[in-house]
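Please keep the viewer open as you read.

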Amino acid sequence: MQRREVLRLLATGTVLQLAPAKLFAVLQEARNLVQAHTSRQTLNAQQYETVKVMAEMIIPSTDTPGATDVGTADFVDLVLTEWCDELDCKRFLDGLGDVDSRAQSLFGKDFLGCSAAQQADILTALGEKMLEESKTSPAQPARLRGYSYSPSFYAMFRRLTLTAYYTSEAGATNELHFEIVPGEYQGCAEPAPVEEASEHQ
Amino acid sequence: MSEQNTFDAIVIGSGITGGWAAKELTEKGLKTLVLEAGRPIVPEQDYVEHVPQWEMKFRGMGDRRQLKENQPIQSTCYACDEWSSKFFVNDKEHPYTTGEGKPFRWIRGRQVGGRSIMWGRQSYRWSDFDFEANLREGIAIDWPIRYADIAPWYDYVEDFVGISGEALGLPQLPDSKFLPPMELNCVEKMVRSEVAKHFGGERVLTIGRAAILTQDHQGRAACHYCGPCERGCITRSYFSSLNATLPVAEKTGRMTLRPFSTVHSVSFDSKTRRATGVRVIDSKTRSAVEFRAKVVFLCASTLESVRILLNSSTTEFPNGLGNSSGELGHNLMDHVSSAGASACIPGFEDHLEVGRRPNGIYMPRFRNVKTKYPDFVRGYGFQGGAHREGWMRGIAQTGFGAEFKKSLSRPGPWRFGFGGFGECLPNHNNFVELNKDQVDAWGAPTLKIHCAYGENERALRKDMAMSAAEMLAAVGGKDIEPFAADDPPGFSIHEMGTARMGRDPKTSVLNSFNQAHDVKNLFITDGSAMVSSSCVNPSLTYMALTARACDYAVRRMKKGEL
């Protein structure tokens with residue numbers, strides 16, 4: 001059974017109509033799948049926590065869910081384990097190491113031990129470095145921007161964080177109001193009134 | 001030959017032209033065998049257009065390692081993504097080679113429906129600017145038909161397909177029988193009127209003419225704007241053989257559709273000088289099967305059809321069946337693209353799009369229409385459109401935190417992009433041949449493709465980038481980025497021309513009805529038949545030529561002349 005199918009069954013309550021033996025099997029399978037998906041395979045405990053904290057700083061939980069809520073660190077681990085080639089994976093892990101080195105040299109502790117303000121300083125510095133690197137690397141045509149792979153660790157980190165968030169069900173539906181079947185096309189719509197209302201609150 | 005292996009007609013291929021041949025021949029009463037090399041597709045199970053990103057393992061980034069290992073060529077196509085890569089072949093099973101220094105990208109789909117499942121759906125009529133071009137310029141050979149010959153057949157297929165679009169009355173781009181057009185968005189409307197103002201009415205921006213329904217039509221539902229057509233369409237709102245023609249053929253009760261049937265060659269009787277049927281390799285059992293019929297329609301795609309004929313040599317035709325002219329496999333063309341420009345369009349921030357329109361803008365050819373352009377012959381059209389930037393813009397930004405998150409929840413600035421599709425000239429030296437020492441996974445000899453663009457195509461590309469940038473500047477675009485990549489042929493997936501039509505059997509493979517000069521009961525109605533390439537998307541013309549050829553073949557059969 002596909003993970004997708006299992007989750008759908010769980011979500012719709014269909015499993016409750018199954019015979020107990022089969023229900024057990026389905027739940028067991030679901031647990032295995034969820035576990036397989038969440039158990040770390042590439043990141044060690046400290047790296048995993050660092051990814052989690054950095055991602056939550058970029059996309060914090062506000063009135064809508066944040067990066068942690070949608071399992072960003074698990075997605076990053078999956079991508080490093082099953083998607084990246086060796087070079088990308090090394091670049092990413094080296095980049096995480098560099099985050100701790102920066103923290104050590106600036107504040108005398110690793111990233112996770114820093115205060116929120118110190119962590120924000122480090123993210124700001126990483127952003128400045130990313131901009132610097134994008135100036136020296138060959139220009140990216142706008143049509144490819146964001147789609148192709150950037151050699152910068154922080155760009156890679158941001159790409160994975162934003163992807164994990166905005167393609168999650170919570171991110172896509174709560175933040176972007178994504179609908180699978182819009183049912184119509186309007187080329188010149190005014191922003192939805194509900195959005196306006198929330199802005200004035 | 002057993003009764004069950006004998007048919008009135010055999011159609012090789014179930015894609016956009018095979019589906020039409022199947023529909024037309026069965027409706028005209030012929031017991032028809034449709035052979036498809038790939039697997040069957042069950043829309044309810046195989047279509048995935050409504051599976052959201054969060055249900056995909058890599059969230060739409062694609063299974064990079066699988067793609068690199070099994071689909072390094074196919075995955076260069078935008079439509080071959082985490083959802084729809086299953087509609088593209090495994091490159092390892094379908095090898096081909098290319099001439100030295102002449103890369104060619106061959107994008108293929110092997111399943112019932114073929115590439116009509118993932119095609120771009122843009123549908124345009126050709127005009128006499130196209131049909132007369134070779135004659136006027138003394139290039140290659142003349143088309144044996146003119147617009148008047150094909151116009152009623154455009155009408156005929158459009159009635160069934162359903163093409164949405166806007167009538168413009170332009171001589172270089174005849175209007176179809178349109179369903180209502182999709183809407184242009186605000187920025188596209190602005191670009192349309194500003195370009196009209198600045199370029200003397202010569203450059204016209206319109207909505208793409210697309211085989212996507214804007215109202216219910218022929219038992220199929222109007223588009224619901226979910227977006228990714230290349231993943232299938234459960235409401236059958238865009239045209240594919242699977243969505244439209246094959247179900248009609250099925251309903252006649254006269255179609256036998258046989259998937260997993262790789263055609264090895266066409267068999268030929270040297271006494272009657274007729275094709276007698278086809279030899280098939282069962283893709284699952286690898287066993288050989290033979291089928292017989294009175295007439296054979298090759299609709300396997302430009303390169304596959306010619307591969308089958310090159311592999312069907314006989315004593316009479318040592319260089320491929322129906323190749324007394326020596327032109328079989330030659331004159332391969334593909335539209336020249338990968339050039340244009342994009343820009344940021346300031347303003348319009350209080351407007352957005354609702355729904356995902358699976359269609360863009362079109363700007364018909366404007367070079368060499370009223371006045372001769374000095375740098376090249378023929379011309380190009382632009383596709384593209386305007387969209388607001390999405391959350392991906394946040395990758396290259398440095399912000400983080402609640403404000404940053406809030407900013408990305410709203411659409412970003414508008415960008416407008418033009419991408420050209422230009423005519424490719426026919427050239428005898430662009431050709432394919434069989435590899436003697438390399439076979440595919442089913443033991444059929446593979447192709448070696450020799451194809452490269454020439455001076456005219458390069459000049460078109462340069463002009464695409466410049467004219468697109470010039471228009472974007474005129475309409476107030478900022479951050480204008482012209483581009484002109486050096487992509488080799490194959491990137492436009494409009495390959496055509498390898499068994500061209502013509503009046504003279506000495507210089508062409510097919511006559512004016514897609515009938516092989518050398519083998520009267522053999523018809524080729526896919527892109528192989530094209531004598532020149534126009535600059536507009538070719539599928540609608542393939543469909544019209546197929547319906548026309550079927551009508552001709554059945555009329556001749558009834559008179560006992562086939």
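1. **Confidence.** A word on terms before the details: pLDDT is the predictor's confidence in each residue, from 0 to 100, and two residues are in contact if their C-beta atoms, placed from the backbone, lie within 7 Å. This is a predicted model, in which local features need pLDDT of at least 70 and side-chain atom pairs count only at pLDDT 80 or more, while totals for chains, interfaces and linings use all residues. Residues are numbered from 1 along each chain as its sequence is written, with chains lettered from A and ligands numbered from 1 in the order in which they are written.

2. **Where to be careful in chain A.** The average pLDDT of chain A is 80, and 69% of the residues score at least 70. Helix H1 (residues 3–12) of chain A has the lowest confidence in that chain, with a mean of 42, whereas H3(A) has the highest, at 98. Over residues 142–148 of chain A, pLDDT stays under 50, and the model has twelve contacts beyond four places in sequence for them. Where pLDDT is low, the predicted coordinates should not be read in detail.

3. **Layout of chain A.** Chain A has nine helices and one strand; helices (H or I, at least four residues) and strands (E, at least two) are DSSP runs, numbered from the N terminus. Read from the N terminus, the order is α-α-α-α-α-α-α-α-β-α. Of the contacts in chain A between residues at least 6 apart in sequence, 56% join residues at least 24 apart.

4. **Burial in chain A.** A residue is buried if 20 or more other C-beta atoms lie within 10 Å of its own, exposed if 12 or fewer, and partly exposed in between, with C-beta atoms placed from the backbone. By that count, 27% of the 201 residues of chain A are buried. Is Gly71(A) buried or partly exposed? Gly71(A) counts as partly exposed because it has 18 C-beta neighbours inside 10 Å. Gly71(A) lies in the loop between helix H3 (45–58) and helix H4 (72–82) of chain A. Its C-alpha atom is separated by 7.6 Å from that of Ala164(A), 93 residues apart along the chain.

5. **The A–B contact.** Chain B brings 44 residues to the contact and chain A brings 41 residues. On the side of chain B that touches chain A, helix H3 (64–70), strand S12 (352–354), helix H10 (402–408), strand S15 (414–422) and strand S18 (478–484) of chain B each supply at least two residues. S12(B) gives the most, with three residues. Sorted by class, this side of chain B has 18 nonpolar, 13 polar and 13 charged residues; Ala, Val, Leu, Ile, Met, Phe, Trp, Tyr, Cys and Pro count as nonpolar, Asp, Glu, Lys and Arg as charged, and the others, Gly among them, as polar.

6. **Strand pairing between the chains.** Two strands pair if DSSP finds at least two bridges between them. Strand S1 (residues 186–189) of chain A pairs with S12(B) in the antiparallel sense over two bridges. Gln186(A) has Val354(B) as its bridge partner in S12(B).

7. **A covered strand in chain B.** Strand S11 (residues 339–345) of chain B is mostly covered, with six of its seven residues buried. S11(B) runs antiparallel to S18(B), joined by five bridges, and Ser342(B) stands opposite Glu481(B) there. S11(B) also pairs with S15(B) in the antiparallel sense over six bridges, where Cys344(B) has Arg415(B) as its bridge partner.

8. **A buried helix and the cores.** In helix H9 (residues 302–310) of chain B, nine of its nine residues are buried. A nonpolar core is a set of buried Ala, Val, Leu, Ile, Met, Phe, Trp, Tyr and Cys residues joined through C-beta atoms within 7 Å. In the largest such core, of 152 residues, Ile10(B), Val11(B), Ile12(B), Val296(B) and Phe297(B) touch the most other members. Helix H12 (residues 539–558) of chain B gives the largest share of this core, ten residues. A second, separate core of 41 residues includes Ala73(A), Phe75(A), Leu80(A) and Phe400(B).
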